[in-house]
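User: I have a structure open and would like to go through its contacts with you, one topic at a time. Could you keep the cut-offs in view as we go?

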Amino acid sequence: QVQLVESGGGLAQAGASLRLSCVVSGGTSYRLHVAWFRQAPGKEREFVAARPWTGGNTYYGGSVKGRFTISTDTAKNTVYLQMNSLKPDDTAVYYCAARFGKDSRLSIATTRTWDFDSWGQGTQVTVAS
């Protein structure tokens with residue numbers, strides 16, 4: 001497992017942009033897979049985006065595809081989530097997640113919440129209409 005600390009959440013107007021950051025500590029490798037999930041009040045935790053730490057196949061949830069971008073800066077041990085064209089429905093607590101796979105390859109079939117064993121504390125994003 002690794003330790004994850006998110007930041008960058010806050011209040012934004014609809015149509016605006018925000019960038020979330022997640023600092024990873026405790027060891028990284030080419031086998032590390034990282035992801036973002038979100039959870040709105042009264043709803044289940046939802047997959048947002050995932051990618052291998054060193055690059056490769058990247059996946060997005062249907063509701064954010066084309067608006068959000070996940071990226072990593074291995075020199076800074078940081079995962080980013082760039083969120084553009086924000087909507088009120090994007091309001092949620094956003095969580096960074098990680099796990100070590102067998103290798104660097106990430107399958108969409110393994111992007112469920114229970115596939116990840118390291119979680120951050122979450123950062124609140126609120127989008128006003």
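User: What does the side chain of Thr123 reach?
Analyst: The side chain of Thr123 reaches the backbone nitrogen of Gly9 at 3.2 Å; a polar contact here is a pair of N or O atoms within 3.5 Å, where within protein one must be able to donate a hydrogen and the other to accept it, and residues adjacent in sequence count only if both atoms are side-chain atoms. Please keep in mind that this is a predicted model, in which local features need pLDDT of at least 70, side-chain atom pairs count only at pLDDT 80 or more, and totals for chains, interfaces and linings use all residues. Residues are numbered from 1 along each chain as its sequence is written, and side-chain values use heavy atoms, with hydrogens and water left out.

User: Where is Thr123 placed, and is Thr123 buried or exposed?
Analyst: Thr123 is in strand 11, where strands (E, at least two residues) and helices (H or I, at least four) are DSSP runs numbered from the N terminus. Its relative accessible area is 11%, so Thr123 is buried; buried means under 20%, exposed over 50%, and partly exposed in between, with a 1.4 Å probe and protein chains only.

User: Which residues is Thr123 in contact with, leaving aside neighbours within four places in sequence?
Analyst: With those neighbours left aside, Thr123 is in contact with Glu6, Ser7, Gly8, Gly9, Leu20, Ala92, Val93 and Tyr94, contact meaning heavy atoms within 4.5 Å.

User: OK, salt bridges next. How many does a search of the whole structure find?
Analyst: The search finds five salt bridges, each being a side-chain nitrogen of Lys or Arg within 4 Å of a carboxyl oxygen of Asp or Glu. One of them is between Asp90 and Arg38, with the closest N and O atoms 2.9 Å apart. This pair links distant parts of the chain, since Asp90 is in the loop between strand 8 (78-83) and strand 9 (92-100) while Arg38 is in strand 4 (residues 32-39), 52 residues apart.

User: And which salt bridge do Arg67 and Asp90 make, in terms of N to O distance?
Analyst: The side chains of Arg67 and Asp90 meet at 2.8 Å, N to O.

User: Which residues are linked in a network of salt bridges?
Analyst: The network links Arg38, Glu46, Arg67 and Asp90. Another salt bridge joins the side chains of Asp103 and Arg105 at 2.7 Å, N to O; in that pair Asp103 is partly exposed at 23% relative accessible area, whereas Arg105 counts as exposed at 66%.

User: Changing topic: what joins Cys22 to Cys96?
Analyst: A disulfide joins them, with an S to S distance of 2.2 Å, the rule being a pair of cysteine sulfur atoms within 2.5 Å. Cys22 lies in strand 3 and Cys96 in strand 9, so the pair ties together parts that are 74 residues apart in sequence. The torsion about the S-S bond is about -85°, so the disulfide is left-handed, and both Cys22 and Cys96 are buried.

User: How many residues has the largest nonpolar core?
Analyst: That core has 27 residues, and those with the most contacts inside it are Trp36, Val48, Phe68, Val79, Leu81, Met83 and Tyr94; a nonpolar core is a set of buried Ala, Val, Leu, Ile, Met, Phe, Trp, Tyr and Cys residues joined through side-chain atoms within 4.5 Å. Another core, of eight residues, lies apart from it, and includes Phe37, Phe47, Ala50 and Phe116.

User: Last one: how are the rings of Phe37 and Phe116 paired?
Analyst: They form an edge-to-face pair, 5.6 Å centre to centre with 75° between the planes; rings of Phe, Tyr and Trp (its six-membered ring) pair if their centres lie within 6.5 Å, and planes under 30 degrees apart count as stacked, over 60 as edge-to-face and the rest as tilted. Phe37 is in strand 4 and Phe116 in the loop between strand 9 and strand 10 (118-119), 79 residues apart. Phe37, Phe47, Tyr95, Phe116 and Trp119 form one aromatic cluster.
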